[in-house]
Amino acid sequence: MADVSVFRSGVTLAIIAAVCTALVAATYQLTHDRIASNEQAWLEQSLQPVLSGVIFDSGISESLLTIPAPHELPGPQAAAVYRVYADDMPVAALFVVSARDGYAGAIRLLVGVDISGVVTGVHVLAHRETPGLGDGVETTKSNWASQFKNRSLQNPVAGGWKLRRDGGDFDQLTGASVTPRAIVKAVKETLQYFDANAAAVFAASADSAKETSE
Amino acid sequence: MTTPTFIERLKTGLWDENPGLVQLLGLCPLLAVTSTFVNGLGLGIATLFVLVFSNALVSTTRRWIQGEIRIPIYVLIIASLVTCTELIFKAWFPALDRSLGIFIPLIVTNCAIVARAEIFASRNSIGSSIVDGLVMGTGFALLLIAIGIFRELISLGWLLAVLPPGAFFALALAIAGKNAIDKRHHE
């Protein structure tokens, strides 16, 4: 009786799938809070290096502002920005954005921009790109990301915000152009957003301040 | 046929049938992450963990599973365990997780795991399958650690050792060394 056997196989598969899903769901519940706090710690640890050359006297992590979707920044989910001040005057902003058009999934990026719209640093927080090729964008693997420092929308002008192979000003990585292309585009979009919204970004009150006032 | 003792089985996993040295399984992660001792250790432990639990689960469910759907079930079990392992690493060993990156989720493609499920766990009792996971996983982990240490030390004087070709040289030397020792024992 082939029909009975097919039915039995289907039921067995469904039961095993349900058990496996329950296992993953339980582990997720168990680890979720720790993973979130680890990611936050890693993010805060990366903030300082991205601000190289900027003189400031404010605490960075208290100045977090969440920008809910939809927004003009790269990435579909809510973006975040840390504002940096010296003598209560805004000096720089650090954006946490995600580039979506990488090779495998979203690339989480930290982009530092000073008040005049010049990049102070770019750091890749998380990605799933190919090891040995696209992962050269990591600061620990190569100095590819350092070419963004001191760039702005005027340097190079609009058409130059592409890889050399696409007729622009930015180096690709040997054997990988999809990942660098996605990051160049995300940094450019972040600069354009900052150019248009800098005043609003610095004027908004921080998430922590909002929570206490509400 | 007498049942082999734990020591005999340990020797099988570590030496006679070492998944990396003899069966040449799971070479992709083996070659890719063994540039340092810590990476070798991290991936070794993660693989050992997945192998023990996948053997245990495959053995537990072996009575209810029809032959024609066994492979999708192994895939389900192994993929779930690897996802759990990745979450555990992210929660408790975040630095190691960043350094191993994509290779933790890629444990799912390590053919040593599905091979043990098919060859051993689907035909043996739970206890015996757990022991098999332990000895085979330990054999694989020790090889990862040994190659990691070797490459990290050699790279102090010879940069090529940490680059991809260094992995092939190191594994080739390890296999040649094992074969030479075995040959001497036979004579």
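Modeller: Happy to! A word on terms: helices (H or I, at least four residues) and strands (E, at least two) are DSSP runs, numbered from the N terminus. This is a predicted model, where local features need pLDDT of at least 70, side-chain atom pairs count only at pLDDT 80 or more, and totals for chains, interfaces and linings use all residues. Residues are numbered from 1 along each chain as its sequence is written, while chains are lettered from A and ligands numbered from 1 in the order in which they are written.

Biologist: Great. How many helices and strands does chain B have?

Modeller: Chain B has eight helices and zero strands. Its pattern along the sequence is α-α-α-α-α-α-α-α.

Biologist: What share of chain B counts as buried?

Modeller: 40% of the 187 residues. Buried means 20 or more other C-beta atoms within 10 Å of the residue's own, exposed means 12 or fewer, and partly exposed is in between, with C-beta atoms placed from the backbone.

Biologist: Let's talk packing. At what angle do α3 and α6 of chain B pack?

Modeller: About 30°, with the axes of α3 (residues 37-61) and α6 (residues 111-119) 9 Å apart. Axes are lines fitted to C-alpha atoms, for helices over the stretch in contact, and angles run from 0 to 180 degrees between N-to-C directions. α3(B) and α6(B) are therefore roughly parallel to each other; angles under 35 degrees count as roughly parallel, over 145 as roughly antiparallel, 65 to 115 as roughly perpendicular and the rest as oblique.

Biologist: Which residues of α3(B) meet α6(B)?

Modeller: B:V50, B:L51, B:S54, B:N55 and B:V58, which meet B:I113, B:R116 and B:A117 in α6(B). Two residues are in contact if their C-beta atoms, placed from the backbone, lie within 7 Å. By class, this contact has five nonpolar, two polar and one charged residues. Here Ala, Val, Leu, Ile, Met, Phe, Trp, Tyr, Cys and Pro count as nonpolar, Asp, Glu, Lys and Arg as charged, and the others, Gly among them, as polar.

Biologist: How do α1(B) and α7(B) cross?

Modeller: Their axes come within 7 Å and cross at roughly 40°, and the two helices are therefore oblique to each other.

Biologist: Now the other chain. How many residues does each chain give to the contact?

Modeller: Chain B gives 22 residues and chain A gives 21. On the chain B side, the largest share, 11 residues, comes from helix α4 (residues 70-92). By class, that side has 15 nonpolar, five polar and two charged residues.

Biologist: What about A:D87: buried or exposed?

Modeller: A:D87 is exposed, with 8 other C-beta atoms within 10 Å. Although not a glycine, A:D87 has a positive phi of about 50°.
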